[in-house]
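Please take a moment to look over the sequence and the model before reading on.

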Amino acid sequence: MRASPILKLFVALLLTGINSRKSDPDASYTSLSSLDVDGRFTFDDVSEAAMDFGHRYHHLPSAVLHPGSVTDVAETVRHVFQLGPGSRLTVAARGHGHSLQGQAQAAGGIVVRMESLRRAQEMRVHAGDEPYVDAPAGALWIDVLKETLRHGLSPKSWTDYLHLTIGGTLSNAGISGQAFRHGPQISNVRRVEVVTGKGEVFNCSPTHNADLFHGVLGGLGQFGIITRATIALEPAPKMVKWIRVLYSDFTIFTEDQEMLISSKKTFDYIEGFVIKNKTGLLNIWRSSFKPQDPVQASRFNSEGRTLYCLEMTKNFDPNDPDMAMQEVKELLSQLRYIPSTLFQSEVSYIEFLERVHVSEVKLRSKGLWEVPHPWLNLLVPRTGIHAFANEVFGKILKDSSNGPILLYPLNKSKWDNRTSAVIPDEEIFYLVAFLSSAPTSSGQDILTQALMQNEKILQFCKKANIQIKQYLPYINTQEEWQTHYGQRWDTFVQRKLSYDPLAILAPGQRIFQKAV
Ligand code: FAD
């Protein structure tokens with residue numbers, strides 16, 4: 001599809017922020033105090049809204065809205081829209097602030113604390129043949145889990161960490177080891193309520209306001225603020241058999257992963273990670289995994305090899321475990337891991353899903369949670385994964401001591417191509433996530449080195465023509481954004497033009513700049 005001349009002009013205006021009418025920015029934000037909101041605005045104590053998990057970007061807003069209702073969000077956005085292009089005010093929804101590079105920040109604008117709505121609005125669980133939960137988008141996934149478990153139900157698709165908001169993960173995709181079966185979280189949404197960049201409120205589903213529905217899913221907050229979402233549920237598992245096995249051969253590791261995600265009879269969760277230059281497995285594993293044979297794990301020595309850990313779970317009912325255990329046995333017998341490296345554990349479903357939170361508590365107690373996180377998340381097409389591994393794990397990466405490196409396959413057929421999420425154009429692609437921490441106590445070196453390593457990886461992919469896509473993207477130029485969206489760029493721009501024509505929303509993504 002070729003961009004129309006009007007579309008091109010619109011993009012040019014947004015991307016360059018052409019000066020049309022300059023106004024005093026102060027005048028814009030002080031007008032907010034005239035709005036009669038159910039919640040409140042704060043103008044002084046706004047520094048928290050300039051922080052995020054990445055701990056590298058800090059853009060102070062002019063005001064923070066703690067909404068008491070969806071109307072507050074709509075009226076605020078409408079007010080900014082009505083100020084017109086002369087005002088510099090922008091609006092960023094902030095979930096739990098777990099972005100990496102200021103994506104939920106708004107320099108000089110308004111940050112909407114979506115978590116306030118979590119308190120103001122209730123969560124409703126509907127049991128029945130096709131159960132679902134209708135929840136405020138500012139709710140954390142852990143809240144959703146706790147509420148749905150009370151009804152013996154649970155969402156199907158997760159992120160590894162549950163202290164993220166519904167609106168925040170749906171704006172990206174929401175990926176974890178269940179995505180190969182159920183698709184990402186955005187494939188498990190039935191309805192959303194959205195406030196657009198004009199301050200209008202819409203209820204959307206695949207059949208009603210469908211373009212906006214698909215647009216906001218994976219839409220990086222560009223087309224609207226999601227205020228409620230209806231999420232599909234399933235009967236909640238009770239217990240989880242949690243298994244890790246090791247490989248030294250990357251080809252065999254990925255062949256086994258791909259075989260598992262393509263089989264009908266398989267595990268309920270499949271992930272994997274890379275271990276380089278490490279000894280003593282117990283120190284490596286996220287502290288929540290406690291294998292039944294810790295002595296065997298502590299004795300294991302990688303002998304300098306790069307190892308690949310395949311991680312799987314099988315849900316089971318403790319009152320009737322036999323069939324699930326038999327299936328586990330059969331599945332394990334098909335895998336080609338290093339024989340002495342089968343590590344197993346049994347935990348409750350909630351313990352499994354809360355596994356990263358266990359690490360969070362530990363890291364917080366050591367002052368190692370609120371530190372810079374120079375993460376790089378890539379979606380690598382299957383045809384490029386071996387060249388990628390050879391170069392990145394063989395040459396660029398020296399060790400995996402700065403944080404976990406996840407690597408697991410996903411399947412395109414479980415993603416809905418009408419959403420805004422961008423993935424490689426191959427049926428199987430890999431999530432490769434370099435989740436580095438760079439504590440300041442260890443000096444700037446770790447941060448600089450991690451950033452250099454990220455850059456080397458991106459440069460290599462470019463040079464080797466591996467058609468990766470960034471997940472949770474951080475992209476610098478308009479040309480690169482266009483490349484990122486590829487053929488879908490025109491649709492993306494068209495949606496922006498329809499739902500947020502003044503480019504008010506989610507300025508921290510740096511895709512469009514408000515024209516002032
Ligand atoms: P924020 O960071 O606050 O917001 C993210 C973006 O969405 C911003 O642009 C914001 O303006 C916009 N936004 C927020 N709320 C709304 C809304 N209601 N409507 C519209 N736009 C909105 N991701 C995965 O997919 N899988 C994982 O396993 C995973 N694990 C993670 C583990 C940790 C420890 C961390 C820190 C992050 C992880 N993430 C994972 C990434 C996570 O999905 C993103 O950080 C995401 O931004 C969610 O965080 P948040 O709710 O704090 O949203």
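Does asparagine 209 count as buried, exposed or partly exposed? With 16 C-beta neighbours inside 10 Å, asparagine 209 counts as partly exposed, because a residue is called buried if 20 or more other C-beta atoms lie within 10 Å of its own, exposed if 12 or fewer, and partly exposed in between, with C-beta atoms placed from the backbone. This is a predicted model, in which local features need pLDDT of at least 70 and side-chain atom pairs count only at pLDDT 80 or more, while totals for chains, interfaces and linings use all residues. Residues are numbered from 1 along each chain as its sequence is written.

Asparagine 209 lies in the loop between strand S9 (201-204) and helix H8, where helices (H or I, at least four residues) and strands (E, at least two) are DSSP runs numbered from the N terminus. Although asparagine 209 is not a glycine, its phi is positive, at about 50 degrees. Most residues other than glycine have a negative phi. Alanine 503, in the segment after helix H18 (489-499), also has a positive phi, near 55 degrees, but alanine 503 is buried, with 24 other C-beta atoms within 10 Å.

Turning to the whole protein, the secondary structure comes to 18 helices and 18 strands, and 45% of the 516 residues count as buried. Among contacts (C-beta atoms, placed from the backbone, within 7 Å) between residues at least 6 apart in sequence, 74% join residues at least 24 apart. Leaving aside neighbours within four places in sequence, valine 380 is in contact with residues including Ile385, Phe388, Phe429 and Ile468.

The protein is divided into domain 1 (5-114 + 475-509), domain 2 (118-235) and domain 3 (239-470), with bounds that come from an automatic or database domain assignment. The centres of domain 2 and domain 3, taken over C-alpha atoms, are separated by 25 Å, and the contact takes 23 residues from domain 2 and 22 residues from domain 3. On the side of domain 2 that touches domain 3, H5, helix H7 (179-182) and helix H8 (210-216) each supply at least two residues, and H7 gives the most, with 3 residues.

Helix H5 (residues 141-149) has Trp141, Val144, Leu145 and Thr148 buried. Seen down the axis of H5, the buried residues fall within an arc of 100 degrees, so they line one face of the helix; the arc is that of the directions from the helix axis to the C-beta atoms. These buried residues pack against several elements, among them strand S6 (132-136), helix H6 (166-170) and helix H13 (349-353).

Which residues are the closest of those that surround the ligand? Of the 36 residues that surround the ligand, the closest are Gly95, Asp160, Gly167, Gly168 and Gly221, where a residue is near a molecule if its C-beta atom, placed from the backbone, lies within 6 Å of it. Strand S3 (91-94), H6 and S10 are the elements that give two or more residues to this shell, which draws at least three residues from each of domain 1 and domain 2.

Definitions and conventions: Contact = placed C-beta atoms within 7 Å.
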